[in-house]
Amino acid sequence: MSSRKTNSLIDLISLEKEKISTLFSFADLISENKLSFEKGFGKTGALLFFEASTRTRMSFETACARLGVYPLLLDGKAGTSLEKGETLEDTVLNVAAMKPSFLVVRSGDDLDLRDVARKLSMPVVNAGWGKVGHPTQALLDAYTIRKHLGTCEGQRVLIVGDVRHSRVAASHFELATKLGYEVALCGPKDFLPSTPTVKVFSSLKEGLEWASVAMALRVQLERHAIEYSLADYREQFGFTKKNLQSLSAQALIMHPGPINQGTELDSDILQDPRCQVLDQVSNGVFVRQALLHSILVEL
Ligand code: CP
């Protein structure tokens, strides 16, 4: 298999722990301004975002710009030949035929990203794929945990909320075993996997007392016929000042975004010293820049 193929990032199962450690060390150097990149690789990277995104799209765009790689952005389906009936896969294959150095793809479950990656000669990076996974989000979360708590090893990460529909949670299940942190879940029964493979807390209070990291997920309102009120959700599972009294002073509060403020996380929590939500976004650029750099140097 060529190095180009092994550089794809579709899930975290195939990413070696040593490679993650190298990426994180490289992201450290980037964040500390200790590296200068040779500009003008003369390369392009195709960023295909078939679904809405703010953080991931702009983070990859920023990473490309800082690496001197020209980002070719397809932002949404409007104005593309998808409107004329072209399939998602055909769109990806046609963009790939323009020979970008790599493809970054966000899509729903209606595209088989693994199958597409197998058909292409250049690396493909999963930028959020349906409910399957969001590996760079999990990596930037782990990088943020490592930065603030020193290591991911032994941390207790409580994921609260809409786990059943969450590609972020799916990627954390893959990464946790690799980096040695424990994941537990808390949320309404309908939001959790029907057969959970990890610890589940029925009470948020008990979960927060256990956790060294509390991660809220967006309630994916578009996917639920919620049988109870959002006010009840906030009361029972929301990251409110009252509920977060059960979380230790040294613990981290995280959320991958976008946030439904006043549902899964109150706006005043963003000012809580434990809250790393915006730092997650900053770290996302470093981690994605490190990842794209590792791809480019191996081409
Ligand atoms: N966390 C995340 O993927 O956010 P976006 O959907 O804005 O990219």
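Two strands count as paired here if DSSP finds at least two bridges between them. The model shown in these views is predicted.

**View 1. An open sheet of 4 parallel strands.** The strand order is β2-β1-β3-β4, and the pairing is parallel. β2 (70-75) and β4 (124-129) are the edge strands, each pairing on one side only. On average, neighbouring strands of this sheet are turned by 15° against each other, direction ignored.

**View 2. Strands β3 and β4, with helix α4 on the sheet.** Strand β3 (residues 102-107) pairs with β4 in the parallel sense over 4 bridges. Opposite Leu 103 stands Val 124 in β4. Helix α4 (residues 88-96) packs on the sheet and touches β1 (44-49), β2 and β3. The direction of α4 makes about 170° with that of β1.

**View 3. An open sheet of 5 parallel strands.** The order of strands is β7-β6-β5-β8-β9, with parallel pairing. At the edges lie β7 (199-201) and β9 (252-254), each of which pairs on one side only. Neighbouring strands of this sheet are turned by 25° against each other on average, direction ignored.

View 4. β5 (residues 156-160) and β6 (residues 182-186) run parallel and are joined by 5 bridges. Val 160 has Cys 186 in β6 opposite. Helix α6 (residues 135-149) packs on the sheet, in contact with β5, β8 (213-216) and β9, and its direction makes about 160° with that of β9. Helix α7 (residues 167-179) also packs on the sheet, touching β5, β6 and β8. The direction of α7 makes about 150° with that of β6.

Note on methods. Residues are numbered from 1 along each chain as its sequence is written. This is a predicted model: local features need pLDDT of at least 70, side-chain atom pairs count only at pLDDT 80 or more; totals for chains, interfaces and linings use all residues. Side-chain values use heavy atoms; hydrogens and water are left out. Helices (H or I, at least four residues) and strands (E, at least two) are DSSP runs, numbered from the N terminus. Axes are lines fitted to C-alpha atoms, for helices over the stretch in contact, and angles run from 0 to 180 degrees between N-to-C directions. Contact means heavy atoms within 4.5 Å.
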